[in-house]
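Let's take a friendly walk through the aromatic rings of a protein model. Please open the sequence and the 3D view, and follow along.

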Amino acid sequence: MAGKMFNREVICARGLRKKYGDKEVVRGINLSVSKGECFGILGPNGAGKTTIVKMIFGLSPPTSGTLLVLGMNVNGNQREIKKHLGVVSQEDHLDSDLNVGENLEVFARYYGMRPAESRPYVKQLLELMGLSDRYRSKIHELSGGMRRRLSIARSLINNPDLLILDEPTTGLDPHARRLVWQMLRSIKEKQITMLLTTHYLEEASILCDRLVIMDDGIILDEGNPRFLVKKHAGEEVLELGLREKPEFWQNEISARFGDMQKGSLLLGDSLYFYLNGDGKVLLNEINSLATPVSYHLLRPSNLEDVFLKLTGKKLETES
Amino acid sequence: MIGKTSFLYKYRPELSMLFWEVFRRNMIVFNKYWFSNIMFNFLEPLLYLLALGIGLGLYIPEIEGLSYLEFISPGILASSAMWATSFECTYNSFIRLQVQKTYHAIVSTPVSLDEIVMGDIAFGAFKSMFYGSIFLVVLFFLGYISSPLALLVPVVLILSGVVFAQLSMIWTSVAPNMELFSYYFTLFITPMFLFSGIFFPIENMPIFVQRLAWFTPLFHSVQICRGLITGQFDPLLWANLLVLILFAAILFFPPLILMRRRLIK
């Protein structure tokens, strides 16, 4: 397998840029994804996530910089690279002229596998994705979650060295989403390298070993999800709703209790304190100042806080 | 030497036998629906043949030594093949490209976009051959085949099918939406259907119409089919064949390049 030539670095991007006309959507990013890890690209819609994915499988050639996939430059090695890729795209690109089994068998042919070779594997994949009894179903008879699982099954047909999942659970209901996560975790156990783009923080936290946070075509930070949360947002967050003069109170509280927090952020009339110490102590202090608080919430920090702090905006626009 | 930034390098074709798998994918779908599509692809030309050949034919004396029905039947055969291919490579290809995103899915596999387009063109040519040949069989049973040369008609239909598929794919690769296909049919396919010597010899038309006919693939395919079916073999038919081959050669790259420009950005 050509895929074994690379030395553990499955994706390597250096100074990668992409321009569409005048608009630069990927603005000089560096990425390194190692063999066997699940690597996440977290960012809002329009951050440039899908563009990176398209550059990997050749739908969008880089404007400048280098992009190596499985040790091969994406310019000029598309076919060789794609032999070792599995792609689950954002929209379901299932073949609705074909039934479930045919979708997998016809796809296997694109990788040069005859139905006699692929059929046992097709059955195995459908079982893995909980679709065994759907072999002859038409695509339009499947629910959104089933379709997505079928897309994932299809992307595994060539036993890929790199599985690309572009927003794998966007548009699914919470139950279907959880089921997809469960299946992706079982794929992860097989040590397949995964590149996952998402704007769901929970998804990134659950699945990714390492991730980058992207906004507006650049990478803001990189690391293990728990490490990133701790680094930027500490252990806990105190969220306050302020009835009046939010800026004044932000400055006031920051000045008085600076040592109890790693920083603060004001979004509308909501004030977020990223805590060093005990949140309850700070909350008592704030109440003793007669701060005009409409609500308060003391909770563990999460990736949303990291994103909010790094970009000043909310990530999950859908929910 | 071709520089890596040049147009020729950028659009060098990426073709292998994998295009065959795209053709095969279309065949799997075809096997499910061919019978229900027969109405449009086969019954409609048959109605033309009967209405014009028998109805109008009563009032028309012989043309070039043939009864009117004999005269028009090879042309209707050739045009029915054209219609079948043109619908396949416009509406159906566009649905695969833009609606179902079948192309997007396939292009993430080792199959190249060039091979997808080639696969669709090959399938368009197959449809030309298939529906044209069914018509040929009917003509045989109606007793309108006068020469064993008619056995070569399917080969001609493959060649003309390639040309119509290429032309349709060019339109498909630049059309922003499906509404624009009616322009392709109204401005291009229907005039060809009417003025390619199917219903009347173009020798009596104004000279510019005759000249124009030489630049349309249907005219040549009608001429060759008529020669083969009636057995009135004119050496000029070699010229018609050569023109069809030239069309196919000239139109080889444009659909590949245009589809890449559409999809790979």
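What follows looks at ring pairs, a ring cluster and charges over rings.

This is a predicted model, in which local features need pLDDT of at least 70 and side-chain atom pairs count only at pLDDT 80 or more, while totals for chains, interfaces and linings use all residues. Residues are numbered from 1 along each chain as its sequence is written, chains are lettered from A and ligands numbered from 1 in the order in which they are written, and side-chain values use heavy atoms, leaving out hydrogens and water.

Over all chains, the structure holds 35 aromatic pairs. Rings of Phe, Tyr and Trp (its six-membered ring) pair if their centres lie within 6.5 Å; planes under 30 degrees apart count as stacked, over 60 as edge-to-face and the rest as tilted. One stacked pair is B:Trp20 with B:Phe23, at 4.8 Å centre to centre and 15° between the planes. Both sit in helix H2 (residues 19–55) of chain B, three residues apart, about one turn of the helix; helices (H or I, at least four residues) are DSSP runs, numbered from the N terminus.

B:Phe30 and B:Tyr131 are edge-to-face, because their planes stand at 80° with ring centres 6.4 Å apart. This pair links distant parts of the chain, with B:Phe30 in helix H2 of chain B and B:Tyr131 in helix H5 (residues 113–142) of chain B, 101 residues apart.

One aromatic cluster in chain B includes B:Tyr48, B:Trp83 and B:Phe199.

Finally, the charged end of B:Arg226 sits over the ring of B:Phe71, 3.7 Å from its centre. Here, CZ of Arg must be within 6 Å of the ring centre and within 35 degrees of the ring normal.

Key:
Helix = DSSP H or I, 4+ residues; strand = E, 2+ residues; numbered from the N terminus.
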